[in-house]
Amino acid sequence: MGRIIASGMWRQHVTRQYEPHEIEEKWQAVWDAEGLYSVTEDPDKPKKYVLEMFPYPSGDIHMGHVRNYSIGDVVARFSTMNGHSVLHPIGWDAFGLPAENAAIKNATHPAKWTYANIETQAASFRRMGFSYDPERMVRSCDVDYYRWGQWIFLKFWERGLVERKKSPVNWCPSCKTVLANEQVIGDGVCWRCKSVVEKRDLEQWYFKITEYAQELLDDLDTLPGWPERVKTMQANWIGRSEGAEVDFELCGAGGEACGQTITVFTTRPDTLFGCSFFLLAPEHPLVSELTAGTGYAADVQAVVAATARETAVERASGEAEKIGAFTGRHVVNPVNGEKVPVWVSNYVLMEYGTGAVMAVPSGDQRDFDFARKYGLPIPPVVVAEDDPLINELSGVHSRVANDVPWAEAYDGYGVMVQSGEFTGLQGGKASEGMKAVTGWLAERGQGRFSINFRLRDWLISRQRYWGNPIPAVHCPSCGLVPVPEEQLPVVLPMEVDITKGETLADHPEFYETTCPKCGGAAKRETDTMDTFTCSSWYYFRYCDARNSAEAFGRDKADYWMPVDQYIGGIEHAILHLLYSRFFTKVFADMGLTSAREPFTNLLTQGMVKKDGETMSKSKGNVVAPEDMVARYGADALRAFILFMAPPDKDLDWNQDGLEGMFRFLTRLWRYVEGAAGAGSAAAPAEDPAAKALLRERHRVVGKVTADIEAFGFNTALSAMMELLNAAGDYRKTVPADARDVALEREVAETLVLLIAPFAPHMAEELWREVLGGEGSVHRQSWPAHDPALAAADEVEIVVQVNGKVRAKLTMPATADDATVREAALALPKVIEHLEGLTVRKVVVVPGKLVSVVATA
RNA sequence: GCCCGGGUGGCGGAAUGGCAGACGCGGAGGUCUCAAAAACCUCUGUCCGAAAGGGCGUGUGGGUUCGACUCCCACCCCGGGCACCA
């Protein structure tokens with residue numbers, strides 16, 4: 001293997017240069033042949049499931065992939081070396097719209113495009129040296145996989161978690177399909193293509209994730225290994241509000257009671273006495289019923305029409321001007337019998353609560369603005385204790401004030417006024433007043449304690465071809481009928497010509513079928529499932545990827561699940577992570593798993609940017625990992641991207657440092673080659689230079705170990721550089737015949753083991769070929785360290801006088817405080833700075849410093 | 001508006017309340033060489049100083065402490081998330 005390098009030839013200097021390409025491809029082949037990364041359930045070892053998020057087969061890999069999968073690979077290899085049985089699989093989230101778009105553009109089939117991309121990407125991952133178990137690879141567009149997605153759908157249906165209903169839904173005009181709420185991001189745009197979404201009234205399939213809203217919220221507390229920020233985002237998204245439902249009786253057109261009630265949800269029942277009008281959403285079904293044929297119909301219809309014209313962005317952003325119209329009707333306030341007018345306004349959303357709102361302008365800014373605009377009363381009911389109004393209204397039970405001198409509503413805590421028997425109680429969110437009023441209403445059957453969630457059910461049907469067909473049949477006589485389990489899979493037909501814009505709905509061969517129940521002619525459902533359904537359970541499939549009888553075996557899942565370390569981008573903080581938690585909870589309730597949460601620890605890695613912008617083809621600022629691998633090898637690239645920044649931070653790609661990482665690896669290579677000999681030269685036992693190097697070796701092993709455990713890959717690599725620097729200094733400063741050869745060899749071995757998770761190819765070459773190690777470096781035990789050996793026997797102590805460093809002192813590590821203090825005060829420099837001053841206080845920090853406080 | 005992050009040399013970044021700037025990049029000078037590359041060595045926050053040495057310095061202003069990048073209060077800036085949610 002060794003070769004004579006050109007520049008060294010005349011010196012007779014035989015050495016091997018670090019040639020990443022030769023060794024990387026060589027070891028990739030060896031690892032495959034040896035089946036190094038195949039894993040089975042080993043009852044004798046602690047298990048560890050390390051997983052990076054399911055990649056979409058977009059074609060080329062990008063730097064974000066390199067970062068994500070490099071992090072996972074270090075964690076996986078490190079865990080293996082630390083005695084764990086490690087599951088580290090990969091697969092592809094292979095259904096989805098980009099395949100259709102690409103197929104249209106290239107006049108091919110989505111399947112062809114997808115499988116070709118998977119091959120390309122798999123080759124790139126292999127080229128990076130990632131340690132995936134090849135036997136567990138999963139592709140979500142394979143029938144073997146998606147049939148179980150259909151099975152899950154049927155099981156969800158059995159459990160009452162599937163619903164088909166008509167409601168206003170998000171429609172992406174560019175993707176030509178509906179989207180779930182979670183998939184509308186930012187200012188009302190599609191998560192994938194960033195087009196502004198529209199609202200359409202359509203009948204669609206839903207998973208009832210709201211049934212699990214409370215548990216999804218509560219169990220966030222069982223995830224200490226998740227970033228706070230992700231948990232906060234999920235909690236906000238679920239949006240739990242405690243309050244009350246209040247029934248208002250509707251009056252007839254003549255003002256008389258008509259027996260019909262309208263219920264509202266409010267978080268502030270304590271402000272009920274301040275309700276001066278009542279609002280309906282423009283989409284509320286009662287609106288036309290109440291106004292049809294009356295003199296109010298025209299104005300109300302104008303508001304309804306204007307609201308319908310607002311874009312989703314305007315409506316959602318709260319920037320739209322509040323408009324409204326009186327319906328001519330009234331409702332009765334249950335607490336005081338007062339009749340309040342019913343208005344229609346664009347700021348009331350049909351999707352939240354009941355689509356009807358009791359308006360309390362003194363306590364809610366939106367109601368306040370509306371009241372001011374339309375000249376409606378603003379009676380104060382909860383007044384801050386330091387508000388001048390309190391003098392006038394404190395203890396006043398009945399309504400005397402119908403307006404406030406305030407510029408805005410007050411929604412904080414305060415004293416209830418003008419509130420009948422509740423006057424004087426504390427008002428505010430979750431206050432005693434709120435509880436008292438709710439209790440009063442409940443006793444009379446006019447209200448009840450209630451919890452409202454912002455979370456909506458998950459819309460899972462998609463009007464696209466390249467997805468998992470929904471296993472359902474529409475029968476003219478039986479209605480919606482699930483495809484019987486034994487008839488699965490519903491195979492996605494390949495004959496659909498996507499280049500002509502065809503979908504399943506264009507294929508009678510697909511949709512013409514018979515009803516499983518009555519045997520009559522029926523139509524198969526032609527919508528496919530949201531691809532997020534595929535990625536919501538793939539981590540279960542990895543546990544038992546080749547099972548043809550079940551989605552996964554419970555024994556296998558119970559061995560591996562939950563995922564111990566999940567790694568992926570923050571962009572899935574809600575989407576994929578919420579859906580996966582939901583699936584896992586349903587699986588647990590189905591008895592398929594004992595895990596109630598899928599991911600114990602979550603690392604959200606930051607984005608890889610270029611010049612502060614996300615890399616994209618359209619910006620032309622994409623840095624191709626392949627180019628970097630071609631120049632410096634996969635090892636240098638992997639190590640460098642981890643060295644650049646802590647994993648959770650965004651990083652700005654800058655190639656300059658990559659060269660530096662390559663230099664480090666080259667130096668490491670040379671050092672190990674030079675120190676590999678098992679020489680026998682006995683070194684002086686008490687040589688301080690040798691002791692220092694040994695100490696550094698133990699310190700660095702301790703630091704690298706702790707750093708990897710805390711995802712401090714950048715500082716772990718820094719520490720390895722420090723050890724190599726120390727080893728280089730030892731070699732430079734100690735003459736060859738005085739060197740401790742055994743120590744140098746130990747340091748070399750240590751460095752090879754430490755670098756193995758980061759630069760797996762190089763470590764393997766050095767381990768097997770240079771150090772002559774037995775078996776793969778990746779199957780070795782992680783190096784041990786002895787804290788006692790890492791401790792210095794002499795310490796340098798800093799001496800401060802009035803907070804400024806004035807001298808340094810070397811003391812035995814065992815010296816007691818009094819000795820250190822005395823030695824410090826005796827230093828000439830210290831005496832000089834204390835001249836004319838009186839020492840007031842001396843602080844001794846063992847092993848660190850002495851701080852002398854002195855004044856004149 | 002609300003909720004999270006984050007502001008440290010020329011750059012990426014490091015620092016259980018204890019020498020700010022580890023490690024790396026970049027830069028300057030040097031060794032080797034006919035020369036260059038590579039490699040190696042020295043220096044590299046800033047200001048004053050020939051040096052010794054000293055002053056200043058982690059977004060801003062206060063505070064706690066013998067001692068603050070770190071803890072507390074107020075504010076400024078940057079990034080992200082949420083936002084007519086009743």
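Tutor: F711 occupies the loop that links α22 (688–709) to α23 (713–733); helices (H or I, at least four residues) and strands (E, at least two) are DSSP runs, numbered from the N terminus. F711 has a phi near 60°, a positive value in a residue other than glycine. The model is a predicted one, in which local features need pLDDT of at least 70 and side-chain atom pairs count only at pLDDT 80 or more, while totals for chains, interfaces and linings use all residues, and side-chain values use heavy atoms, with hydrogens and water left out. Residues are numbered from 1 along each chain as its sequence is written, and chains are lettered from A and ligands numbered from 1 in the order in which they are written.

A positive phi is also found at Q418, which is not a glycine and has a value of about 50°. Q418 belongs to the loop between β17 (414–416) and β18 (426–427). With a relative accessible area of 2%, Q418 is buried (buried means under 20% relative accessible area, exposed over 50%, partly exposed in between, with a 1.4 Å probe and protein chains only).

One joins L488 and P489, with omega about 0°, and P489 lies in the loop between β24 (479–482) and α14 (508–511). Another joins M561 and P562, with omega about -5°; P562 is placed in the loop between α17 (554–560) and β28 (563–569).

Chain A has 856 residues, of which 54% count as buried. Of its contacts between residues at least 6 apart in sequence, 72% join residues at least 24 apart; a contact means heavy atoms within 4.5 Å.

Helix packing can be examined at α21 (residues 656–675) and α25 (residues 760–770), whose axes come within 11 Å and cross at roughly 10°. The crossing makes α21 roughly parallel to α25 (angles under 35 degrees count as roughly parallel, over 145 as roughly antiparallel, 65 to 115 as roughly perpendicular and the rest as oblique). Axes are lines fitted to C-alpha atoms, for helices over the stretch in contact, and angles run from 0 to 180 degrees between N-to-C directions. On α21 the contact involves L665, L668, W669, V672 and E673, and on α25 it involves M762, E765, L766 and V770. These residues comprise 7 nonpolar, no polar and 2 charged, where Ala, Val, Leu, Ile, Met, Phe, Trp, Tyr, Cys and Pro count as nonpolar, Asp, Glu, Lys and Arg as charged, and the others, Gly among them, as polar.

An open sheet of 4 strands has the order β34-β33-β36-β35 and mixed pairing; two strands pair if DSSP finds at least two bridges between them. Its edges are β34 (804–812) and β35 (838–845), each of which pairs on one side only. From one strand to the next, the twist averages 20°. Helix α27 (residues 817–825) packs on this sheet and touches β33 (794–801), β34, β35 and β36, its direction making about 130° with that of β34. Strands β35 and β36 (residues 849–855) run antiparallel and are joined by 7 bridges, and T838 has T855 of β36 as its bridge partner.

Another open sheet of 4 strands has the order β6-β5-β9-β20, with antiparallel pairing. Here β6 (177–179) and β20 (458–459) are the edge strands, each pairing on one side only. Helix α5 (residues 143–158) packs on this sheet, touching β5 (162–172) and β9, and its direction makes about 90° with that of β9. Strand β9 (residues 198–207) pairs with β20 in the antiparallel sense over 2 bridges. Y206 stands opposite L459 in β20.

Finally, the structure holds 0 disulfides, a disulfide being a pair of cysteine sulfur atoms within 2.5 Å. C475 is in no disulfide, and its nearest cysteine sulfur, that of C515, is 3.6 Å away. C475 is buried, at a relative accessible area of 6%. C478 is likewise in no disulfide, the nearest cysteine sulfur being that of C518 at 3.7 Å. C478 is partly exposed, with a relative accessible area of 28%.
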